[in-house]
Amino acid sequence: MAVIEVTDLRKAYAGQTVLDGVSFSVEEGEIFGVLGPNGTGKTTTVECVEGLRRPDSGTIEVFGLDPVRDAREMHELIGVQLQQAQLPENLKVWEALDLYASFYARPRDWRELLEEWGLADKRNARFGKLSGGQKQRLFIALALVGNPRVAFLDELTTGLDPQARRTTWELIKRIRASGVTVVLVSHFMDEVEELCDRVMVLDRGRVVAVDTPSGLVGGEQRMRFTVQARDLGDLAGLPGVTGVSRTGNRVIVTGRGDFATAVTAHLARHHVLVSDLRIDNRTLEDAFTALTGQSF
Ligand SMILES: Nc1ncnc2c1ncn2[C@@H]1O[C@H](COP(=O)(O)OP(=O)(O)OP(=O)(O)O)[C@@H](O)[C@H]1O
């Protein structure tokens, strides 16, 4: 079931088009990634869905509700991650949770959230004194305090060290495991690859692809090696092989599945000696570059 349905969203700031006909849907229970370089319209898209910005045209439905017309009703169903600047430095952790819980008709018990998100011993700490990772955990807890069915997380791991990022990823998986749909805005490929069930790639205000991370990558691998032999036999006809190219002694074979085993067995059968053998995956970054013509 689609919980979010967006059709032909358009928005311009001072005559400059920022969203140019964005359409997508988010299914219940998935982690849906919104990926794209800086300034491509990710935040504008998500904030229109949250009801924080008004699109110039297009339709948005969140559980069948219109974010602007039905703002009150929708507020009870969504959880939005705050930006850092929105919390006063001297607010205590428990005070922030208590305050945000008061904005909802059926909030969660914030004491439980403190336990769940490893903040129980920081209950009386002031926001300004928390570490980057603790702040992020508090932001997640605040996004969940209203007991939402969809949580919007925007650039959650920016500025975190690799260990804290990994911990945050585990937390995001836990949100999904608890039955909450997650919309995740990111410009990190590894994050999207690790977490998202499906990804929408935005490029200059347009949707250039919506697919699973592996669908975007295409499941293709590249095998590179050097040979002295002239005749390599029919590599292109082997199972899984999608392409063969040769420049002098350097050979590149692309393929899917177990094609590399078939290629090595074939070369051994033909007594072809291979050196400098390397196999690498096409990455989401490669796919993004191919889709948009620009790199991250
Ligand atoms: N309130 C605003 N007034 C004018 N221009 C804006 C406003 N908000 C965003 N923009 C412009 O719209 C474009 C898209 O911004 P948006 O924040 O949606 O992109 P983004 O993909 O989320 O970028 P980032 O990754 O940097 O957050 C940018 O060029 C930005 O400068």
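Leaving aside neighbours within four places in sequence, Leu138 is in contact with Leu87, Val93, Leu97, Leu119, Phe127 and Leu130, where contact means heavy atoms within 4.5 Å. Leu138 also turns up, with Leu87, Leu97 and Trp117, in the group that has the most contacts inside the largest nonpolar core, a set of 48 residues. A nonpolar core here is a set of buried Ala, Val, Leu, Ile, Met, Phe, Trp, Tyr and Cys residues joined through side-chain atoms within 4.5 Å. As for the word buried, it stands for under 20% relative accessible area, while exposed is over 50% and partly exposed is in between, with a 1.4 Å probe and protein chains only. Helix α5 (residues 132–144) gives the most to this core, namely 6 residues. Apart from this core lies another one of 27 residues, and Ile60, Val62, Phe63 and Leu202 are among them.

A word on where all this comes from. This is a predicted model, in which local features need pLDDT of at least 70 and side-chain atom pairs count only at pLDDT 80 or more, while totals for chains, interfaces and linings use all residues. Residues are numbered from 1 along each chain as its sequence is written, and side-chain values use heavy atoms, with hydrogens and water left out.

Now for the whole protein. Its secondary structure comes to 10 helices and 13 strands; these are DSSP runs numbered from the N terminus, with helices being H or I of at least four residues and strands being E of at least two. The C-alpha trace spans about 75 × 45 × 35 Å along its principal axes. Of the 296 residues, 45% count as buried. Look at contacts with a separation of 6 or more, and 67% of them join residues 24 or more positions apart. The accessible surface is about 14500 Å², and carbon and sulfur atoms hold 48% of that; such areas come from the Shrake-Rupley method with a 1.4 Å probe, and for residues only the protein chains shown count as cover.

Which residues surround the ligand? They are Tyr13, Val18, Pro37, Asn38, Gly39, Thr40, Gly41, Lys42, Thr43, Thr44, Arg53 and Glu155, where being near asks for a heavy atom within 4 Å. Sorted by class, this shell has 3 nonpolar, 6 polar and 3 charged residues. In that sorting Ala, Val, Leu, Ile, Met, Phe, Trp, Tyr, Cys and Pro are nonpolar, Asp, Glu, Lys and Arg are charged, and the others, Gly among them, are polar. Helix α1 (residues 42–50) gives the most to the shell, with 3 residues.

| Residue | Atom of the residue | Distance to a ligand oxygen atom |
|---|---|---|
| Thr40 | polar backbone atom | 3.0 Å |
| Gly41 | backbone N or O atom | 3.0 Å |
| Lys42 | side-chain N or O atom | 2.8 Å |

On its own the ligand has 640 Å² of accessible area, and the protein covers 57% of that.

Leu113 is in helix α4 (residues 110–116), and at 0% relative accessibility Leu113 counts as buried. Leaving aside neighbours within four places in sequence, Leu113 touches Arg108, Ala141, Leu144 and Val145. From Leu113 to Leu97 it is 16 residues in sequence and 8.8 Å in space, C-alpha to C-alpha. His266 sits in helix α9 (residues 259–269). Is His266 buried or exposed? His266 counts as buried because its relative accessibility is 5%. With neighbours within four places set aside, His266 is in contact with Leu232, Gly233, Asp234, Leu235 and Leu238. Thr59 is 207 residues from His266 in sequence and 56 Å away in space, C-alpha to C-alpha.

Finally, the loops. Asn147, in the loop between α5 and β6 (150–154), has a positive phi of about 60 degrees although it is not a glycine. Its relative accessibility is 41%, so Asn147 counts as partly exposed. Arg204, in the loop between β8 (198–203) and β9 (206–211), is another residue other than glycine with a positive phi, near 45 degrees. Arg204 counts as exposed, at 59% relative accessibility.

Definitions and conventions: Polar contact = N/O pair within 3.5 Å; in protein donor to acceptor, adjacent residues only side chain to side chain.
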